[in-house]
Amino acid sequence: MEKITVPNIRARKGKEKLTMLTAYDYIFAEIIDNAGIDMILVGDSVGTTMLGYKNTIPVTVEEMIHHTKPVSRAAKKALVVIDMPFMSYQEGIEQAKRNAGRMIKESGAETVKLEGGAKMKDVIKAIVDIDIPVMGHIGLTPQSVHALGGYKVQKEMDRLINDAKAVEEAGAFAIVLECVPRDISKIITEELSIPTIGIGAGPDCDGQVLVIYDLLGLMGAFRPKFVKRYMDLRTDIESGIKRYIDEVKNGIFPDDTHSFH
Ligand code: KIV
């Protein structure tokens, strides 16, 4: 099985839709990889999914590396993207290069992703210049949740187009558009030569990304409009666990077939 590469992802723009899902552990990464996904993102959404934080802000470089190592071991084909967490690149070029280098070296991921448009142009360029491929991320950037005043759709067309172009000019190989009106995503997708990967950004992007737990219906009450639940695993898991509890309490499990003689 051949590994998907950065040039391969770039070359598929306009030819074939790209797919990306998040994973934070070996088993899920193995299942996602076997299913034929193009890219696995170890997102800093690990903070709100696996680690129980209120938002992505507390996530550390160490936590990202810890969760990416098993994903890299499992991904035989998919390109692995690791998110740079809040304050691991915002201090400036030297800090950003040091952390990007460490994250690639220690996690086994092939590329990093970081949030921000024009303001991050020099940082993206510096990381690309040391041969670490960068995926950009604009629109709703969750690490800026306090500055943005919440998780809102981003509608300023000029700023979004300017940000997208800055990320491309800096040398990013692809860009995530999060919570961007579909008409604006369409314009950005047409104007850029690198693939756009949408989440809440409509059907005209070059590819799509979702948080795996959202797709599987594992998350609780929070259901963003852009999430399509392909399964309702939370209900299935709960009912399996309840049956187990019931059977143990009533002496039904283990029965003879599950016992040694
Ligand atoms: O952290 C994450 O999972 C992400 C995706 C939602 C794009 O950045």
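The lining of the largest pocket comprises 25 nonpolar, 11 polar and 11 charged residues (Ala, Val, Leu, Ile, Met, Phe, Trp, Tyr, Cys and Pro count as nonpolar, Asp, Glu, Lys and Arg as charged, and the others, Gly among them, as polar). The model is predicted, with local features requiring pLDDT of at least 70 and side-chain atom pairs pLDDT 80 or more, while totals for chains, interfaces and linings use all residues. Residues are numbered from 1 along each chain as its sequence is written, and side-chain values use heavy atoms, without hydrogens and water.

A pocket is an open set of points on a 1 Å grid over the protein atoms alone, where a 1.4 Å probe fits, with protein on both sides within 12 Å along at least five of seven lines; lining residues have an atom within 4 Å of a point. The largest pocket holds about 1,200 Å³ of space, a volume being the space filled by probe spheres set on the points, which are joined across faces, edges and corners. Among its 47 lining residues, Glu178, Ile199, Leu210, Asp214 and Phe226 are the closest to the centre. Strand β1 provides the largest share of this lining, five residues (strands are DSSP runs of E, at least two residues, and helices runs of H or I, at least four, numbered from the N terminus).

The second largest pocket has a volume of about 390 Å³. Its lining consists of 20 residues, with Gly116, Gly117, Lys119, Thr141 and Ser144 nearest the centre. Helix α8 contributes the most to this lining, three residues. By class, seven residues of the lining are nonpolar, nine polar and four charged.
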